[in-house]
Amino acid sequence: MQFWNVAKNEESGENELRIDGPIRMEQGFWDWLFNKPDRSATGLEKAIKAFAGKDITVWINSNGGECIAASVVYSALKNYEGKVTVKIDGSAISAASVIAMAGDEILMSPTAIMMIHNPLTEARGEVKDFQKAIEILTEVKESILNAYVKKTKLSRNEISDLMDSEKWMSADTAIRLGFADGKLFEED
């Protein structure tokens, strides 16, 4: 199952990147087996480089996925030479909200939603295994905080509190808190 696709905007002729569905690091087994195009985070990283510095629009409608995959996409977009405009038309939840933070400009549909929360994992085993899981989750949260702090200019403690409370944001709330810059479909 792919979570991204590249399309050419018929009106402007510009390349657009569409992120939909679960964000994942590796290509699925069946995709690999049947030699389908690489629709993983690393495949997306290569596609972004192929835009060759032209401004791009990234449309997001995703309920999230893997943190590391989101980091790969975030880094590729932040490293991109052209302007990156992120447009959230449905949802930017969890890992998708991290990717959204890579935009030079972030716009949300008035009906869109963004959500940030603490990272999740599954653990099993003995006490030391659970202690290790806590260590990992703590460090992953610190890395995610970096993207939110850079965009919003809120303090690490303020954002950490929002993540602890699993913060759901309408477009207006996201703009007020600095997670988005404006709304789609509104006149300047």
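Which residues of helix 6 are buried? In this predicted model, the buried ones are I159, S160, L162 and M163. An α-helix has 3.6 residues a turn, so residues three or four places apart point the same way. Looking down the axis of helix 6, the buried residues sit within an arc of 160°, so they line one face of the helix. Turn to the other side of helix 6, and N157 and D161 are exposed. The cover over the buried residues of helix 6 includes strand 6 (113-116), helix 5, strand 7 and helix 7.

The loops on either side of helix 6 deserve a look too. K153 is found in the loop between helix 5 and helix 6 (156-164), and its phi is near 70°, a positive value in a residue other than glycine. K153 is also exposed, its relative accessible area being 67%. Just after helix 6 comes E166, again with a positive phi, this one about 50°. E166 is not a glycine either, and it belongs to the loop between helix 6 and strand 7 (167-169). With a relative accessible area of 40%, E166 counts as partly exposed, since that class runs between 20% and 50%.

Next, the aromatic rings. A pair of aromatic rings is described by the distance of the centres and the angle of the planes. The count here comes to 1 aromatic pair. In that pair, the ring centres of Y148 and F179 are 5.6 Å apart and the planes meet at 65°, so the arrangement is edge-to-face; the cut-off for that label is over 60 degrees. Y148 is part of helix 5 (residues 127-152), while F179 is in the loop between helix 7 (171-177) and strand 8 (182-183), so the pair ties together parts that are 31 residues apart in sequence. Are these two partners buried or exposed? Y148 is buried, at a relative accessible area of 2%, and F179 is buried as well, at 0%.

Finally, there is a packed pair of helices. Two packed helices are described by the angle between their axes and the distance between the axes. For helix 2 (residues 41-49) and helix 3 (residues 67-78), the angle is about 5° and the axes are 9 Å apart. That makes helix 2 roughly parallel to helix 3, a label given to angles under 35 degrees. Helix 2 brings A41, L44, E45 and I48 to the contact, where they meet A69, V72, V73, A76 and L77 of helix 3. Sorted by type, the residues of this contact come out as 8 nonpolar, no polar and 1 charged.

Definitions and conventions: Residues are numbered from 1 along each chain as its sequence is written. This is a predicted model: local features need pLDDT of at least 70, side-chain atom pairs count only at pLDDT 80 or more; totals for chains, interfaces and linings use all residues. Side-chain values use heavy atoms; hydrogens and water are left out. Axes are lines fitted to C-alpha atoms, for helices over the stretch in contact, and angles run from 0 to 180 degrees between N-to-C directions. Helices (H or I, at least four residues) and strands (E, at least two) are DSSP runs, numbered from the N terminus. Angles under 35 degrees count as roughly parallel, over 145 as roughly antiparallel, 65 to 115 as roughly perpendicular and the rest as oblique. Contact means heavy atoms within 4.5 Å. Ala, Val, Leu, Ile, Met, Phe, Trp, Tyr, Cys and Pro count as nonpolar, Asp, Glu, Lys and Arg as charged, and the others, Gly among them, as polar. Rings of Phe, Tyr and Trp (its six-membered ring) pair if their centres lie within 6.5 Å; planes under 30 degrees apart count as stacked, over 60 as edge-to-face and the rest as tilted. Buried means under 20% relative accessible area, exposed over 50%, partly exposed in between (1.4 Å probe, protein chains only). The arc is that of the directions from the helix axis to the C-beta atoms.
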